[in-house]
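Q: I would like to learn how to read a protein model step by step. Could we take the strands, the sheets and the core in turn?

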Amino acid sequence: MVQISRRKLLASAFALGMAMSYGVGAAGQKSVAVTAIVEHPALDATRDGIKDALKEAGYQEGKNLKWQYQSAQGNPGTAAQIARKFIGDKPDVVVGIATPTAQALVAATKTIPVVFSTVTDPVGAQLIPSWNASGTNVTGVSDMLALDKQIELIKRVVPNAKRVGIVYNPGEVNSTVVVKELRELLPKSGMTLVEASAPRSVDVSSAARSLVGKVDVIYTNTDNNVVSAYESLVKVGNDSKIPLVASDTDSVRRGAIAALGVNYYEIGKQAGRMVVRILDGEKPGTIKPETSDKLELFVNPGAAQKQGVTLPETLIKSAKEVVK
């Protein structure tokens, strides 16, 4: 009888020890849910940067990190559904890549920490009240660019340009902010803005064709509809000999002549480091929103030839990457 009791005691102690061990492991696991409005190279690079920053800080999926990722496939209604689903899962941090998904997350919760990334104007998008620490559950990293440098690049690619076309989604805040600023800045450089709206990705081609004969160059910002359908814009540029200048460097690999933009993988890592700070105990409302000042120039001489311009050798030599 004594022997049986001792065995039962040992078995109970072992079971208790396993339960305690499991409890520590479960309690030590963190949960991060990430969503993007659509999948294209810049947003995918942002997502990868976030995940790598977490890994560098010791948070690994399947070990001490539960990682969720979903794309809204360009649909704001789907973005709202994903946001509600993620908030219902009660993760430690949710991350919104691009303006519409970040807006959906901020609308869905006032308590769970939200980190935005690849959002051009988080104040205009009403994600945060100002560029100071928000005091709310929201912080993040913006890809806002100084448009005077973008105008300089347009003039270096097409020195005689007078009419600058832009294709954009009028429902996307990060694009309407850029359009408004270009309307004010371009006349100071002797140029005017010609606008074509593309509310959906499938509208990009027809919007670009509407600019043929009306513009000397087409400039594109990081509008998600346009970037996700950039090849259709390139076809119009090549067929009509209209030079394309972008702010998304990945677009140069896809057929733009040149782009001066941020490194979206690094933007993602910046946002990922913010997520780590929150997982480690900081409050999002005490973390000041950030931008990136590391601009990179990409050029594509082959695309320039197809679109009827020759790039200055000085511009090519100053580029971080020359796409062959």
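Predicted model: local features only at pLDDT ≥ 70, side-chain atom pairs only at ≥ 80, totals over all residues.

Q: Which strand pairs with β3 in the parallel sense over four bridges?
A: That partner is β4, and the two are again described as parallel. Here V95 stands opposite V115 in β4. Strand β4 spans residues 114-119 and is mostly covered, since six of its six residues are buried.

Q: In what order do the strands of this six-stranded open sheet lie?
A: The order is β2-β1-β3-β4-β5-β11, and the pairing is parallel. At the edges of this sheet are β2 (65-71) and β11 (290-291), each of which pairs on one side only. As a general idea for reading any such sheet, side chains in a regular strand alternate between the two faces.

Q: How many strands form the open sheet with mixed pairing?
A: Seven strands form that sheet, in the order β7-β6-β8-β9-β10-β12-β13. Because β7 (192-197) and β13 (321-322) stand at the edges with a single partner strand each, one side of each is left without a neighbour in the sheet. Inside the order, strand β6 (residues 163-168) and strand β8 (residues 217-220) pair in the parallel sense over two bridges, and G165 stands opposite I218 in β8.

Q: How should I read the nonpolar core, and which residues of the largest one touch the most other members?
A: The general idea is that in soluble globular proteins nonpolar side chains tend to be buried together. In this model the largest nonpolar core has 50 residues, and those that touch the most other members are V32, L54, V94, V95, V115 and V275. Helix α11 (residues 264-279) gives the largest share of this core, namely eight residues. There is also a second, separate core of 31 residues, which includes Y168, L186, A303 and L315.

Q: What does V32 touch, if residues up to four places away in sequence are not counted?
A: With those close residues left out, V32 touches L54, L65, K66, W67, Q68, V93, V95, V275 and L279.

Q: How do I read a helix, and which residues of α9 are buried?
A: An α-helix has 3.6 residues a turn, so residues three or four places apart point the same way. In helix α9, which covers residues 230-240, the buried residues are Y230, L233, V234, V236, G237 and N238. The helix α9 is followed by K241, whose phi is positive, near 55°.

Q: Where do K90 and A98 lie?
A: The place of K90 is in the loop between α3 (76-89) and β3, while A98 lies in the loop between β3 and α4 (99-108). K90 is not a glycine, although its phi is positive at about 55°, and A98, also a residue other than glycine, has a positive phi near 90°.

Q: Is K90 buried or exposed, and is A98 buried or exposed?
A: K90 has a relative accessible area of 66% and is therefore exposed, whereas A98, at 0% relative accessibility, counts as buried.

Q: Which residues does G255 touch, leaving out those up to four places away in sequence?
A: G255 touches V234, L244, N300, A303 and Q307 under that condition. The loop that holds G255 lies between α10 (250-253) and β10 (258-262), and G255 counts as buried at 9% relative accessibility. Although G255 and T220 are 35 residues apart along the chain, their C-alpha atoms are separated by 12 Å.

Q: How can I describe the protein as a whole, and what does its secondary structure come to?
A: The secondary structure comes to 13 helices and 13 strands, and the C-alpha trace spans about 100 × 40 × 35 Å along its principal axes. Of the 324 residues, 52% count as buried. The protein exposes about 14900 Å², of which carbon and sulfur atoms supply 53%. Among contacts between residues at least 6 apart in sequence, 69% join residues at least 24 apart.

Note on methods
Residues numbered from 1 in each chain as written. Heavy atoms only, no water. Core = buried A, V, L, I, M, F, W, Y, C linked by side-chain atoms within 4.5 Å. Buried < 20%, exposed > 50% of the residue type's maximum accessible area, 1.4 Å probe, protein only. Contact = heavy atoms within 4.5 Å. Areas by Shrake-Rupley, 256 points an atom, 1.4 Å probe, with all protein chains shown as cover. Pairing = 2+ DSSP bridges.
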